[in-house]
Amino acid sequence: MFKYRNNLFFLYRHHMDHSQPGAGTQHPKDHRKQQLIEATIHCISTYGLSNTTISRVTQTAELSTGIANFYFSSKKQLLLETLQSLSTEYEQVIGRAFSLTGTPRKILSNVIRARFDPQIFTAEKIAVWYAFTSESRARSEYMLICEDKDTAFMESLVGTVKLLCKKNTRADLNPIAIARALEGLLNGYWEEALFQPDDFDPSSAIDLCEGFIASVFPESQTNDSSAQASNTDKSANPVESAANTQNNAQSDLLAPWTYYSTEFLKLEKNHLFKERWLLAGHISDIPHPQNYITFDAVGERALIIRNQDGKVRAFHNVCRHRGAKLLDSERGTCGRTLSCPFHGWTYCLDGELLSVPAVQTFEDLDLGQNGLVPLDLEIWMGFLFVRFGGTGQSVADSLEPIKDLVAPYQLEKIEPIAGSRYRETRPYNWKVIHDIDNEGYHVPTGHPALQQLYGKTYEDSEIGGVLIARAQINDNPGRIWSVRQYQKLLPQFDHLPEQNQRAWLYFNIFPSMVIGLYPESIEFYMTLPNTVDSSWYLGASYALPDDRREVNVARYLSARINKLTEKEDASFMRWMQLGMNSSAFPTPKLSSKEQNVRRFHKRIQSELPAARLANEPKCEDVQNINEQMQI
Ligand code: FES
Ligand SMILES: [Fe+2]
């Protein structure tokens, strides 16, 4: 299922306080704000939740009350953001442990150690977690965050134990019971550390947890030797040469080797990404002269900039002297000229080379021939698309089939939601993300909140090569608080026709761009291949100007729902990525509800015919075979 990414921090602030100066504009990692949050953790662990006051916090942080009031309009907001900060930190540490590649046994070891990581396992932080957990029975906003933490951990743990049972062919074991027992052990140690901090020894706790797992899986080691052996087995059976490819033809689904072959990844980067339009942002990201965004993809670097006359252009973000990066920030406002930080070659915002320090020391340097190299740029409904090479259809032509469907959303007029732009890595092959994004078959089992939100109305389709998913919000109130409130509070939008008032709509544009349309906001995201098991993930959220309180609340609630979805999908993606390396990975059997996964795979195979092979060719043959099969 598609995920919707939004900036929860921003939405908290707007949901809770509209009058606060600078609301939504402060960077979440602002140093002084972080100081206040750390002081709050100290105060809660020392005085308890009810006796923690803004005045105590500011004294502890050695900051003025005015600064605290700037960031937090009330004690309630301060406490909630402290809990959110703890939760984010916990997710990062635990998520990293679950995301590392290795055998399931190795991952369990990582996770056990992560639970005692000094970043999250301190006497103060444990005390604060327990304080919020106790209070959460009376405070639903605490409950949501505390439950998220426990649910996500448990689900990932069960998934990993299931993989371990499968790997060791231990069908006799109950993975849920084992995961619960391990979770109980870990929680028990957290409690012990809370009540007897001086006597607690994390290393013996880790040893005991490891001992428990070793007693259940005596056959399993923590090293990766078995996984490596499995990979070696696969490479023992490659296609020997281009000549025998006919015996190696597969169905219309991608084989696992296409997810871990570095040679195939090169083909993807060169043909699916370097020669195609890529979505870099929206015209409203650069509303004024000298505003720019930069964007790195598959070894290339783009710079999209608005010049003094308001015209938008795109260039390679590469100095013509020796290739330095002209602008390093992902977005910002530059001066009237662009000066290379390396040796100072200076360009005007139209790309022309204006000056070169010590120009007389160069032989025959023609400034007129050394301007920035332009890139293809096309603006479609306000969205900025760039292309590093290749020719072919314009964006407008390729998206013509969906033009009428998106027209009501007035995409040319949307504006960025402050702080929502992101660029991060994910530990999966780029295709894994879209294999999961492109189907709703897993929604009933994998996404309880989405199922309650739009249940059976979800449907996939395709128009002119663009994959579409559409769902209508149910009227039956969901059991999950965020869903129920979103259903109830989502207001009417004058610009939308009746059938779109309560629709969630997603467009997946080949190879890896998604535009999501919601009644209250718009998002885009795009994945870019990095290595065989990591991808860049970038995107942003936008909205038509609308200051209604209920709109802000709806944005907050949909962000919460999608945060859950994102966590759930992260587990599926990780398991799929690991599964690709398993000798037991099956030829997928797809439901008609997964037809867009099939379409996605077929599209890749039609562009890169080597992707039809069932077995991995020799590394050096992948390129040749692909060319031969193209003829
Ligand atoms: S690399 Fe830019 S001036 Fe030398
Ligand atoms: Fe999903």
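Two strands are said to pair if DSSP finds at least two bridges between them, and strands (E, at least two residues) and helices (H or I, at least four) are DSSP runs numbered from the N terminus. In this predicted model, strand E2 (residues 291-297) is joined to E5 by three bridges, and the two run antiparallel; asparagine 291 has threonine 333 in E5 as its bridge partner.

This model is predicted, and local features need pLDDT of at least 70, while side-chain atom pairs count only at pLDDT 80 or more. Residues are numbered from 1 along each chain as its sequence is written.

These strands belong to an open sheet of four strands in the order E4-E3-E2-E5, with antiparallel pairing. Because strand E4 (312-316) and strand E5 (331-333) each have a single partner strand, they stand at the edges, and one side of each is left without a neighbour in the sheet.

The nonpolar cores, which are sets of buried Ala, Val, Leu, Ile, Met, Phe, Trp, Tyr and Cys residues joined through side-chain atoms within 4.5 Å, where buried means under 20% relative accessible area (1.4 Å probe, protein chains only), are listed here.

| Core | Size | Residues, among them |
|---|---|---|
| Largest | 97 residues | Phe295, Phe383 |
| Second, separate | 63 residues | Ala39, Leu80, Ile94, Trp190 |

In the largest core, Phe295 and Phe383 touch the most other members, and helix H20 (residues 549-579) gives the most to this core, with eight residues. Since domain 1 (280-387) and domain 2 (395-581) both give residues to this core, it lies between them; the domain bounds come from an automatic or database domain assignment. Not counting residues up to four places away in sequence, phenylalanine 383 touches residues including Leu279, Leu411, Phe524 and Tyr542, where contact means heavy atoms within 4.5 Å.

Definitions and conventions: Chains lettered and ligands numbered in written order. Heavy atoms only, no water. Buried < 20%, exposed > 50% of the residue type's maximum accessible area, 1.4 Å probe, protein only.
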